[in-house]
Amino acid sequence: MKRLNLILSLGFLAFGVQSFAQTNKETTVKIVADKHYTFVANTALPMSNLDVSRVLSMMPGSQGGATINLTGSQYDVKITKDSVVAYLPYYGRAFSAPMDPSQGGIKFTSKDFTYTESKNKRGAYTIQINTKDVQRENYRFTINISTNGYASLTASSINKQPIVFNGYLDEPKKQD
C-alpha cells in the first residue's frame with residue numbers, strides 16, 4: 001500500500017511539474033544569454049531532512065516528508081544584468097537568526113555579485129551567483145537549468161544549512 005501511494009504521488013508530482021514549464025529551448029537560451037529571467041520556486045527540499053520531517057510530521061493532517069510544496073506562494077529569484085532580488089522561504093537549521101522575525105528566509109536585493117555561466121554538451125546550464133553586498137550574510141546560488149526551462153536552485157551561506165528549491169524559469173514580463 002505504501003509503495004502504491006509512493007508511485008501515485010510521484011506520478012502526480014511529475015504530471016504537476018510538467019504543467020509548469022514556461023519556456024521552450026529557444027526561449028531558455030535567449031533569457032539565460034540576456035541574464036534577464038525569474039526563477040519561480042515550486043518545492044523546497046531542506047538539507048536537514050530529519051529535523052524538518054520531524055516537525056512537519058507533528059502538524060495536523062501532515063504525513064511528514066522532506067519536500068515542501070510552494071506552488072502558488074510566489075517565491076522567486078529575479079535575475080538581471082545588474083541585480084539579483086531573492087524572495088524565498090528558509091526551512092532548516094540556521095546558526096544565527098535575525099532579531100526581527102520578518103527578516104527571516106532568504107530575502108535580499110544585491111547589486112554587487114559575481115555571475116558565472118557554463119553549458120554542458122546537452123545544452124543545460126549551470127549558473128553560479130555569489131553575492132557580495134547583502135547586509136546580514138552573503139549567499140551562493142547554484143542554478144541548474146534544463147533546456148526546457150525546469151531549474152533547481154541550491155542556496156547556501158555561512159549561517160544556514162543549504163536548501164534546494166525546484167521550479168522553473170519564467171520570462172520577464174513585457175513592459176508597454
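Does Gln74 count as buried or exposed, and at what relative accessibility?

1. Gln74 counts as exposed, at 67% relative accessibility. In this predicted model, Gln74 sits in the loop that runs between β2 (68-69) and β3 (76-79), and its phi is near 65 degrees, which is a positive value in a residue other than glycine.

2. Lys35 belongs to the loop between α2 (25-34) and β1 (37-46). With a relative accessible area of 28%, Lys35 is partly exposed, because that class covers the range between the buried limit of 20% and the exposed limit of 50%.

3. On the overall architecture, the protein has 3 helices and 10 strands, and their order along the sequence is α-α-β-α-β-β-β-β-β-β-β-β-β. The reader may wish to follow this pattern on the structure above, where the loop holding Lys35 comes between α2 (25-34) and β1 (37-46), and the loop holding Gln74 between β2 (68-69) and β3 (76-79).

4. On burial and surface, 35% of the 176 residues of the protein count as buried. The protein exposes about 11,000 Å², and carbon and sulfur atoms supply 54% of that area.

5. On contacts along the sequence, consider the contacts in the protein between residues at least 6 apart in sequence: 53% of these join residues at least 24 apart.

How values were computed. Residues numbered from 1 in each chain as written. Predicted model: local features only at pLDDT ≥ 70, side-chain atom pairs only at ≥ 80, totals over all residues. Heavy atoms only, no water. Helix = DSSP H or I, 4+ residues; strand = E, 2+ residues; numbered from the N terminus. Buried < 20%, exposed > 50% of the residue type's maximum accessible area, 1.4 Å probe, protein only. Contact = heavy atoms within 4.5 Å. Areas by Shrake-Rupley, 256 points an atom, 1.4 Å probe, with all protein chains shown as cover.
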